[in-house]
Amino acid sequence: MRFASLFSRPTDWLFWLVAALCLLPAISSPLALIFGVVMASLGWIPEGLKTGPVAKKLLAGSIVALGFGIHLEQAIAASKAGLGIIVISIFGTLILGWLLTRALKLEHKTGYLISAGTAICGGSAIAAVAPAINAKDHHTSIALGTVFVLNSVALFLFPAIGHLLNMSQEQFGIWSAIAIHDTSSVVGAAQAYGDQALMTATTLKLARALWIIPVAFISALLFRSSERRIAVPGFIVLYCVAIAIAYLLPQGAPLYELTFQTGKRVLVLCLFLIGCGISAKRLKEAGPKPLLLGVGLWLTISSLSLIYLLNR
C-alpha cells in the first residue's frame, strides 16, 4: 500500500478529516459508527486502505488503555454487593441470546457477539470476545452496529422512563448499569439523572467490565474447534496487567487517567473504522435478524431488571 494512494482523491482528505474529528470529545461512539457507515456506503474509503486490520490493532490497544481506568477496590466492592444480579444478568443474557440465535437461525458467531455486548459492556466486550471466538470482520461489524443503534436509543430513553416511574437515584444507577450496553452511554444517561445515579452506575458498570476476562476465556472454550487450541488474546492479559498496575502503583493516577481517557477516544476512532466496513449493502444482506436479536435481548434484560428493582 503506497502512502500517496491514501490521499489521491478529494474524498480521501474528507475521510481523514472525519477520522481525526472522532478523536474529539464532541463525537460520540454511535455518531462515529454512523460516520463510518456513511463513508462506506458512499465509497469514500481511500483505495488500498484495509480498515478492518487497522481497527483490530487499535481496538486491542484501547481495551488495554481502558484497564487503567478500572478502580479495582471499587469494582470488587460493587461486585460483592450486586454479585447475584450481575451474574444472573450476564449469563442469563448469554443463554437467552444463544436460544434466540437458534430460533432466528442467525449466524451463531454474530448472535454470540451481540449477546456478549448486551450482557457486559457493549463495544468493549464485543472487541474482547471477537478474537476469542475467531470471529470474522463482518461478524464484529454487524454486532457492533446492532448494539450501538440500541445504545443510542437508550441514552435518551432511559432517563425519561426513570423520571416517569419516579425511580430513586440508586435504582436508576443500577438499572442503567445493567440494561444499557456501552459504558459511555451509561455515564451519559446516569449523569442526566443525577450525581448519585452517576456514582452508582459508574461503579457497577466498571464491576461488570471485569467480567470481560472470564467471559472471554469461556467463549474461547465454547468455540474451540478440534484443530484449534484455546487462544487467549494477548490484549486480555495486558488488560489484566493494566488493572493490576493501576491498583499496585496508585501514585501514577494522573498518568492512568490520561491513558484511560485516550483509550476511550481511540475506541471511538475504532468504531468509525469498523463502521467503514458496514455499507448499506452489507446491512441489507445481514437482514433484520441481528436487530431482532438485539432488541429482544435488550427488552428482556431491561424489563426484568426494572421489575426487580421496583419491587425489591
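## Aromatic pairs and the ring cluster

Two rings of Phe, Tyr or Trp, the last represented by its six-membered ring, are taken as a pair if their centres lie within 6.5 Å. In this predicted model, the count by that rule comes to nine aromatic pairs. One of them joins Phe172 and Trp175 in an edge-to-face arrangement, with 6.1 Å from centre to centre and 75° between the planes. Both residues belong to helix H9, which spans residues 169-179, and they are three residues apart, about one turn of the helix.

Phe172 has a relative accessibility of 0% and therefore counts as buried. Trp175, with a relative accessible area of 2%, is buried as well. Phe172 also pairs with Tyr193: the ring centres are 4.1 Å apart and the planes meet at 15°, so this pair is stacked, the cut-off for stacking being under 30 degrees. Tyr193, like Phe172, is buried. Ring pairs connect these residues into a cluster that comprises Phe158, Phe172, Trp175, Tyr193 and Trp298.

## Positive phi in two asparagines

Most residues other than glycine have a negative phi. Asn134 has a positive phi, near 60°. This residue is placed in the loop between helix H7 (123-132) and helix H8 (137-164). The relative accessibility of Asn134 is 37%, so the residue counts as partly exposed, a class that lies between the limits of 20% and 50%.

Asn166 likewise has a positive phi, about 55°, although it is not a glycine. Its place is in the loop between H8 and H9. With a relative accessible area of 67%, Asn166 is exposed, because the threshold for that class is over 50%.

## A nonpolar surface patch

A nonpolar patch on the surface is formed by Val237, Leu238, Val241, Ile245, Tyr247, Leu248 and Leu249. Together, these residues have about 610 Å² of accessible area.

One member, Leu238, lies in helix H13, which covers residues 234-248. Leu238 has a relative accessibility of 47% and so counts as partly exposed.

Definitions and conventions
Residues are numbered from 1 along each chain as its sequence is written. This is a predicted model: local features need pLDDT of at least 70, side-chain atom pairs count only at pLDDT 80 or more; totals for chains, interfaces and linings use all residues. Side-chain values use heavy atoms; hydrogens and water are left out. Patches are made of residues with over 30% relative accessible area and no salt bridge: like charges are joined within 9 Å, nonpolar side chains (Val, Leu, Ile, Met, Phe, Trp, Tyr) within 5 Å. Accessible areas come from the Shrake-Rupley method with a 1.4 Å probe; for residues, only the protein chains shown count as cover. A salt bridge is a side-chain nitrogen of Lys or Arg within 4 Å of a carboxyl oxygen of Asp or Glu. Helices (H or I, at least four residues) and strands (E, at least two) are DSSP runs, numbered from the N terminus. Buried means under 20% relative accessible area, exposed over 50%, partly exposed in between (1.4 Å probe, protein chains only). Rings of Phe, Tyr and Trp (its six-membered ring) pair if their centres lie within 6.5 Å; planes under 30 degrees apart count as stacked, over 60 as edge-to-face and the rest as tilted.
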